[in-house]
Amino acid sequence: MNLLPDSQQQQILDTLSGLLREKAPIDRFREHGEVGNEDDRLWPILGDLGFLGLGISDSFGGVGLSAAEEVLVYREFGNQLLSVGVFGLTLGARIAALGGDDTMCRQILSGSLIIGVASSLHTPVQMSETACAGAFHLFEASKADLILLMNEQGAALITADQFVERKSVKPMDAILTLERSQLPASRPALWIDASDDALHTRAILLASAYATGIAATTQSMAVEYAKIREQFGKPIGSFQAVKHLCAEMAIRSEAAQSQCLFSALVVAEDRDDKDFQAISSKITSVDAALQNAASNIQIHGAFGFTAEANAHHFLKRAHVMDQLWGDLRHQRARLLSLPTPAT
Amino acid sequence: MDLHFSAEDQQFREMARDWLRDNIPAGRRPHHGEEMRTFDTAWQKTQFDAGWAGISWPTEYGGLGLDLTRQLIWYEEYARAGAPDNHLCFVGLNHAGPTIVSHGDEHQKRKYLKPVLSGESIWCQGFSEPNSGSDLASLSTRAEIDGDELVITGSKIWTSHGHLSDMQELLVRTDPDAPKHKGISWVIFDMKVAGLELRPINIMTAPNLPHFVQCFYDEARIPLANVVGGLNNGWKIAMSTLGFERGTAQIKDQIRYAHLVEEMITRAKKRFGSENLHTDEIGSRLAQLRADMAAARAMTYMTVSRAKAGNPGAESSLMRAMVGQVQQKVRRLALDIIGPEALENPDEDDWVYFYLRTFSTTIAAGTSQIQRNIIGERVLGLPK
């Protein structure tokens, strides 16, 4: 039993964090326009180095590792607020591989197909091999060839032009493009039933890993600021009111990170309690991301409230992570309905 | 990263499970007095006689000399079996004992460790004073050197079960002129020594029965050889074991509480109906606590992973803080599930008794506020 990364995993992490610090620094958002981002320029680079296909078998052009490695890189993606389009690629490649579409899988892994992410609105969703339908938010879908759609029944890739009444809306998280749209009953290009692979569980797990990145980065931003910002002649981090806020952030981060790694290993082994653990992970990590992002704004004071500071980006992205594949309320209701894990 | 235990670890787990199933004492553990002492020491002796005491303690002093993974497995199985917590043995097993293992001399180890494991010797703590609580290092109980003896004068307070204890781990000021952290010594105090008087203090769960004592030392004499880890080195000695040992001992609590949350879900479904629960505020809180308890276990595994990599570190304080606050939330929710019956017979309903008892978890061994100072300063590097 060991929850720490081994040397190979550490090497993956070091390579990726170095790459993202250089190619995707948080300050990149200041140079961009009002809505959107240019992260799709990163997909071929990440694909080339294997980061998009870590959990995909090497016979489909992946690296042949597990959910454990995917979780480690998604935490890094969260640290740098990488476009949520990356979920479309990782999970879309898995659908393509499991669906036996070698060409599509390799196209996704090379970054030459763009996959938007659908997130259901309040209406009921229909999901089956023959027809998917409902009302959706579409993230990062403006240039997308395919849309990723999933729930507890299964996972689908749907060609983007099957979505109708598409309307751009102003996103709270302006780094992402957001549309509202309807999907009339449409046959998916590829469908993986939940009984064949727990893709939805994996999606929840990866969203939670991303959220742990938000929780950890906002924690270190707040702590670093509390060490240098002086008031009353002392760094504000020396005052217990601020110090204890930081300590709470660290407790939440540690809880979320530990549970996320634990549940990644459970998912990798396809254990019976994988939903229990992954949902617990999403609950603790989204809660940590939301609360830490809020505390980070508070500790930065008026500067934290400005558009110029990066603090608000993390808060807004934490809300996106909450909504993806079921928000806290939904996850709590699901968790309550599951049986007690055997172990 | 992996969740697997070796074949040897698995075998150890099965042996522990079988033994615990056949040997845990029957009946409810008494919460007070000599009855509690008899119960706790007998249960400890049963474990010792069967070769299960001191999993990670060195073999030459009666332990099993096994690694932290086996310690984790033992605690997991212990809690899973529903074995009673022998609180009276806690200080000896989880604090004084490990301190002597790490810092004691050969004579001290030979004399004091085995009786802790066998349940013959009950230890209590003499750290806090009436004017030195969170500011522990300001303590003023004096120990003056007189030949080969220490002469102790002063007072300690909040000593749990002091009236039922044989020995005390005691922090005394041996150099009043040194800076406050540098004039303290950690000493072994025999509770039978002349010059010690005890005043009982009752607690909120049992207004008629003593739990704490205040200790008054009036020129009480102990051998100078009872100093552990060197004269005036006591602060470092006390801090080195305070965090980590208590952290690993919490594994049992954390598993027991996860089981309790599952019991609470069953009871809540009965009372409110399972079809209503998921839309009820109680249901939402139960789900949150299920997630929190899962995370608490993962934090334990993370703490053990770090310790095995040779870096126990201050991070274990994160787990302690988390588990302490979740315990209170669990106990509070249990009361809300019981409903009006919670107002009756607190001594007979464990859910009510432990609700009240859990108010100590964010005070004992450093209040949650002091723990947040420690996290801020030692984990995050924030200035004092």
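**Figure 1. A salt bridge between Arg306(B) and Glu254(A).** The side chains of these two residues meet in a salt bridge with an N to O distance of 3.0 Å; the term denotes a side-chain nitrogen of Lys or Arg within 4 Å of a carboxyl oxygen of Asp or Glu. Between chain A and chain B, 3 salt bridges are counted. The model is predicted, so that local features need pLDDT of at least 70 and side-chain atom pairs count only at pLDDT 80 or more, whereas totals for chains, interfaces and linings use all residues. Residues are numbered from 1 along each chain as its sequence is written, chains are lettered from A and ligands numbered from 1 in the order in which they are written, and side-chain values use heavy atoms, with hydrogens and water left out.

**Figure 2. The interface of chain A and chain B.** Chain A gives 49 residues and chain B gives 47 residues to the contact (heavy atoms within 4.5 Å). The buried area, which is the accessible area (1.4 Å probe) that two parts lose on being put together, summed over both, is about 4300 Å², and carbon and sulfur atoms give 65% of this. In chain A, Met1(A), Ile251(A) and Leu336(A) lose the most area to chain B, together 21% of what that side buries.

**Figure 3. Packing of helices α3(A) and α7(A).** Helix α3 (residues 67-79) and helix α7 (residues 240-268) of chain A pack at about 150 degrees, with axes 8 Å apart. Helices are DSSP runs (H or I, at least four residues), numbered from the N terminus. Axes are lines fitted to C-alpha atoms over the stretch in contact, and angles run from 0 to 180 degrees between N-to-C directions. The two helices are therefore roughly antiparallel (angles over 145 degrees).

Technical notes:
Parallel < 35°, antiparallel > 145°, perpendicular 65-115°, else oblique.
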